[in-house]
Amino acid sequence: MNALSGELWPYVVLALVGFLPNEIWRALGFFAARGLDEGSEMLVWVRAVATAVLAAVIAKLTIFAPGALAGVPLALRLAAVGCGVLAFHAVRRSVLAGVAIGEIVLIGGAYLLSP
Amino acid sequence: MQFESSGAAFLGGVRAAWLSVFAYVLFGTYIGIGALAHDFNFSLAWVALSTILVWAGPAQVILISALGAGSPLIEVAIAVGLSGVRLLPMVLSLLPRLKGPQTRARDLVLPAHFTAISMWVESMRLIPTIPVERRVAFCNGIASGYMMSALLATVLGYYLAAKLPNLLTAGLLFLTPMSFLVSITRNSVLLVDRLALALGLVIGPALTYAAVGLDILWAGIAGGTLAYVGHRIREVLR
């Protein structure tokens, strides 16, 4: 018990509340994938669910922002996302252009707005 | 892309990782995570190990900030578990595309652990160009390339922590939604994927706003299913 309350304890916590609750989903996906083939129609639906989940995560991170990002006004966060997507389409579907312009609008806008 | 051996395919994956914008986005994101861990007094070894074992940015942000704030362990576990739901459909849609006639079940354990948004997006985009028997090695290479970038940044962020201005931290946190949105837009060529993207963007925050539990999971199932129904209706009308 001494080892658990000492130096090892943070690693036990990492395994129990960080690794396991996250890895369980990968494990479930691993076992569920066993019966599926690449051409299966079910995969079209699963991929659509995965895409919608990611979209929901993205919208949540932008609108209900964590930490320091919450200090940037919501309107500016949305404007930065919009400019990023426009830049992506304008510059030959370049992900780099989208990210760069989005970041410039966000950081530049927040800098101008700060007193 | 053709590869002589699995080793060559692995290195090809590492190369693809470093040529993609995600290696740099992850670098920025994990500088933020390293700095966060430093601010909450975790050790460098602990946060580096969390990058290898958890390997999911949002989950690590939740884990570090909730543990650091002294939340009960069961609450932290539940919050991390909810954020990890997205990994299930990602693993489930990726692994069948890596399977060839020679692939053993245990060959897929590492790709399953390596699955994260960045690796999933790049793997789904690139594997159609890779021969089936090289896909596992190639995807492990992509993820290893990303993990190297993330680990390096975790260490760097840990040491830079006190020197990062607030505005830069906000910019680092913004990297994740911005890069994922444009890269998923790039990957969404088929109608079903575009519908799923648009529906998830709308339904997700609506459910969060309405304080519905498991909001992300329901947004995924509802948005994905509606998109699939739209796709089937178009197939029938053709």
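Across all chains, the structure holds eight salt bridges, a salt bridge being a side-chain nitrogen of Lys or Arg within 4 Å of a carboxyl oxygen of Asp or Glu. The model is predicted, with local features needing pLDDT of at least 70 and side-chain atom pairs counting only at pLDDT 80 or more, while totals for chains, interfaces and linings use all residues. Residues are numbered from 1 along each chain as its sequence is written, chains are lettered from A and ligands numbered from 1 in the order in which they are written, and side-chain values use heavy atoms, with hydrogens and water left out. Between chain B and chain A, the count is three salt bridges.

**Interface between chain B and chain A**

- Chain B contributes 85 residues to the contact and chain A contributes 68 residues, where contact means heavy atoms within 4.5 Å.
- The area buried between the two chains is about 6,700 Å², and carbon and sulfur atoms give 78% of it; buried area is the accessible area (1.4 Å probe) that two parts lose on being put together, summed over both.
- On the side of chain B, the residues that lose the most area to chain A are B:Leu92, B:Leu167 and B:Phe174, together 10% of what that side buries.
- There are 20 residue pairs in polar contact between chain B and chain A, both residues at pLDDT 80 or more. A polar contact is a pair of N or O atoms within 3.5 Å; within protein, one must be able to donate a hydrogen and the other to accept it, and residues adjacent in sequence count only if both atoms are side-chain atoms.
- Helix α10 (residues 166-187) of chain B supplies the largest share of the side that touches chain A, namely 19 residues. Helices (H or I, at least four residues) and strands (E, at least two) are DSSP runs, numbered from the N terminus.
- By class, the side of chain B that touches chain A has 54 nonpolar, 23 polar and eight charged residues. Ala, Val, Leu, Ile, Met, Phe, Trp, Tyr, Cys and Pro count as nonpolar, Asp, Glu, Lys and Arg as charged, and the others, Gly among them, as polar.

**Salt bridges between the chains**

- A:Glu41 forms a salt bridge with B:Arg232, with the closest N and O atoms 3.1 Å apart. A:Glu41 lies in helix α3 (residues 41-63) of chain A and B:Arg232 in helix α12 (residues 215-237) of chain B, so the pair joins two chains.
- A:Glu41 is partly exposed at 37% relative accessibility, and B:Arg232 is partly exposed at 38%. Buried means under 20% relative accessible area, exposed over 50%, and partly exposed in between (1.4 Å probe, protein chains only).
- The side chains of A:Arg47 and B:Asp193 meet in a salt bridge at 3.1 Å, N to O. This pair also joins two chains, because A:Arg47 lies in helix α3 of chain A and B:Asp193 in helix α11 (residues 191-209) of chain B.
- Both A:Arg47 and B:Asp193 are buried.
- A:Lys60 and B:Asp215 meet through their side chains in a salt bridge of 3.1 Å, N to O.

**Salt bridges within a chain**

- In chain A, A:Arg26 pairs with A:Glu23 in a salt bridge, the closest N and O atoms being 2.8 Å apart.
- A:Arg26 and A:Glu23 are separated by about one helical turn, because they are three residues apart in helix α2 of chain A. Both residues are buried.
- In chain B, salt bridges that share partners join B:Glu122, B:Arg125 and B:Arg186 into one network.

**Helix α3 of chain B**

- The buried residues of helix α3 (residues 44-53) of chain B are B:Trp46, B:Val47, B:Ala48, B:Ser50 and B:Thr51.
- These buried residues pack against α2 (9-32) of chain A, together with α2 (22-39), α4 (57-68) and α9 of chain B.
- B:Trp55, whose phi is positive, near 50 degrees, follows this helix.

**Selected buried positions in chain B**

- B:Ile142 is found in helix α9 (residues 135-160) of chain B and counts as buried at 1% relative accessibility.
- The C-alpha atoms of B:Ile142 and B:Ala16 are separated by 6.4 Å, although these residues are 126 residues apart along the chain.
- Not counting residues up to four places away in sequence, B:Ile142 touches B:Gly13, B:Val14, B:Ala17, B:Met119, B:Glu122, B:Ser123 and B:Leu126.
- B:Ser83 lies in helix α5 (residues 73-83) of chain B and is buried, with a relative accessible area of 15%.
- With residues up to four places away in sequence left out, B:Ser83 touches B:Ala59 and B:Ile62.

**Cysteines**

- A search of the whole structure finds zero disulfides over all chains, a disulfide being a pair of cysteine sulfur atoms within 2.5 Å.
- A:Cys83 counts as partly exposed at 30% relative accessibility, whereas B:Cys139 counts as buried at 0%.
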